[in-house]
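Please open the model in a viewer and keep a selection panel at hand.

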Amino acid sequence: MGNTSGVPPRHARSLSLFAACLLALGAPGQAQAAEQWGPLAPPNPHLGPNGTSTMHGDAGASDATPLAGPGLRGVGAYPLAAACPTLLQGSDGLVVALCTAIVGRSPTVHLLDPGAGPVGRSLASLELSKGSLLGGVYVYLDNADRLVVVDGDRALLRVAHAKSSGGSWQLRVDTRTDLSGAIPADDNVTGLVPDWSGNVWFATGKGLVGLVTSAGVATTVALPAGELVANSISAAPSGRIAVATTHALYELHADASGRPEVIWRAAYDRGSARKPGQLSWGTGSTPTYFGPRTGADYLTIVDNADGQVRVLVYASGTGQPVCSQPVLTEGGAGSENSPIGIGGSVFVASTYGYPYPAVPEDAGPAVPPSAPFAGGMTRVDIDDAGGCRTVWENTVRSAAVPHLSTADGYLYTVTRRGLDVTTPLDGYAFTVIDPGTGAVVSNTPLPGTIVDDPLQMSPLVTASGRVLQGTVTGVLRVG
C-alpha cells in the first residue's frame, strides 16, 4: 500500500495525500555480496519488465529487484509540481510516472526520460479523473508498456505512449473498461494486479475484491463488513491473490466459473487504534509473496499490535501459520511499508511517528496523536524447520520504501536526517545498507528539505542502474 518521507512502501499511499505537501549521491562501486539472494518468483507474463513494472517491483510485491543499483554518478531532478509515488519503467526504457498535481490535486500521468540531463522534463502528460484519497496509486505496466489504472470514474484504463507524426511524445487511453456496474459509486479501487492468466484483479477501499477478464467481464466478492483495504494486492504464479484488510489477511483465487473466491482468512492483531506514522488502523503492509523454493511459498505482513509489532509468515495456499517474530524492537514499533521478501528473509522498516501531512478521512485518530520518528529496521530469517529468528536490527531512519538488489547485494533507501523530533528543515540522504549485517555502507546527502520529502514513497531502480525517487514535488534521480 507498498503504497512518504520515512514511511510506507507503501509507499506513498495517496496521490492526493502527497499532493497536499509543498515543494552528491554516493553508492559503493562494486558490490561484495556475501549472500546469494533468491529466488524471485517467475515473472508475470502480463506485466512489463521484472523489477520495474509495479510499485513493489513485481506481482508478488517482493520489493526486491534483479537490477543493480547506482554508482557514484550525481543527482538530477524532475520538478513536476506534483507528488509522484508511482514510478514504472517499460521495455523501451522510458519511465511512466503517476503523480498528483499540487494545484488541483488531479492524478496525472507523466512520461519521463530517465537519462535526460541533470534536470529532466516531462515528455508528455495526461490528466485522469480524480477519485478517493487512496485510489490510483497502486497501478502497473502491462506487457505492452501500457499503464493499467482504475480512474475516479471507476473505469479500467490502459494508457499507452507513442510518438506523433511530428515526432513529439503523446499519452493516450488505449482501452477503457467501465467498472461502474461492479463498483458502487461511493467506493474506489485501492490496488490492482494481473494474475498469470491475464485477469486483472482489484480491491476497493470498502473491501470489495474483483477480477476483470480479458473480455471485460467483472465479477466481485465482498469481504466482511467493516474491513477496509488500505494497501495494494499481490499475485503468485499459482493464480492466488493476496489481500490484507484492516482486520485480516486473505488469499483468493478464481473458482471453476471464473469468479473470485476466498481460499482462507487469517485475522491478525490490529491493536487498539491507528498508530502515528500509519495511514490506517491495521497493517500497513501490501502482502508480500516470497520463499526459498518457488519465490512464492510464503506470505508475510506486519501486524499493528499495541506495544510491539510482529512480522507474520503464512504458507501460501493453506494459510497455515509458519512463524511470527517481534520486529522493530530498537526503533518505532509500527510500519506503513510493505516488507521486503526474498528467499528465506524478510526486511521490515519502521514508519512509526513519520510526519504525514494528512491521512484518509476514515483512518481514525492516532494514539498517541504524534510521536518522534526514531526509525529502525529488522531482518528476520525463516529456517528450514519453519522457525523465525532475528538476524539484525538497526536504527536507520528510512524515509522511503527500501528495495533490495539481488544483482549487487545491497539494500537501497532514502533516510531522514535530523533529530527524532522532525521539522521542515530536516534533510535527506541516499543510503546503501549491507543486508547481511544491517550496517550502513554509504550515506550521501541529497539536496533539499521539506520540498524533497520522499514521504515514504517507493523508489524505482532502473535498467541502467539509476534510482528515481518520488518526492512531494517531483522526482529525484540518483545516478
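Select cysteine 323 and cysteine 388 to begin: the two form a disulfide, with their sulfur atoms 1.9 Å apart. A disulfide here is a pair of cysteine sulfur atoms within 2.5 Å. The torsion about the S-S bond of cysteine 323 and cysteine 388 is about 50 degrees, so this disulfide is right-handed. The pair links distant parts of the chain, 65 residues apart, with cysteine 323 in strand β22 and cysteine 388 in strand β26 (residues 388-394). Helices (H or I, at least four residues) and strands (E, at least two) are DSSP runs, numbered from the N terminus. Cysteine 323 is buried at a relative accessible area of 13%, and cysteine 388 is buried at 17%. Buried means under 20% relative accessible area, exposed over 50%, and partly exposed in between (1.4 Å probe, protein chains only).

The model is predicted: local features need pLDDT of at least 70, side-chain atom pairs count only at pLDDT 80 or more, and totals for chains, interfaces and linings use all residues. Residues are numbered from 1 along each chain as its sequence is written, and side-chain values use heavy atoms, with hydrogens and water left out.

Next, select cysteine 84 and cysteine 99, which form a disulfide with sulfur atoms 2.2 Å apart. Its S-S torsion is about 105 degrees, so this disulfide is right-handed. Cysteine 84 lies in strand β3 (residues 82-89) and cysteine 99 in strand β4 (residues 95-101), 15 residues apart. Cysteine 84 is buried at 0% relative accessibility, and cysteine 99 is buried at 0%. The whole structure holds 2 disulfides; with the bonded cysteines numbered in sequence order, the pairing is 1-2, 3-4.

Turn now to the charged side chains. The structure holds 13 salt bridges, each defined as a side-chain nitrogen of Lys or Arg within 4 Å of a carboxyl oxygen of Asp or Glu. Select arginine 265 and glutamate 227, whose closest N and O atoms are 2.7 Å apart in a salt bridge. Arginine 265 lies in strand β18 (residues 260-267) and glutamate 227 in the loop between β14 (218-222) and β15 (234-235), so the pair ties together parts 38 residues apart in sequence. Arginine 265 is partly exposed at 42% relative accessibility, whereas glutamate 227 is buried at 3%.

Select aspartate 426 and arginine 416 for another salt bridge, at 2.9 Å from N to O. Aspartate 426 lies in the loop between β28 (411-417) and β29 (427-433) and arginine 416 in strand β28, so the pair ties together parts 10 residues apart in sequence. Aspartate 426 is buried at 5%, and arginine 416 is buried at 7%. Then select Asp142, Arg146, Arg158, Arg172 and Asp174, which salt bridges with shared partners join into one network.

The last stops concern the backbone. Most residues other than glycine have a negative phi, and most peptide bonds are trans. Select valine 367 and proline 368: a cis peptide bond joins them, with omega about -5 degrees. Proline 368 lies in the loop between β24 (345-349) and β25 (377-382). The bond from glycine 38 to proline 39 is also cis, with omega near 0 degrees. Finally, select leucine 328, which has a positive phi of about 60 degrees although it is not a glycine. Leucine 328 lies in the loop between β22 (321-326) and β23 (340-342) and is buried at 2% relative accessibility.
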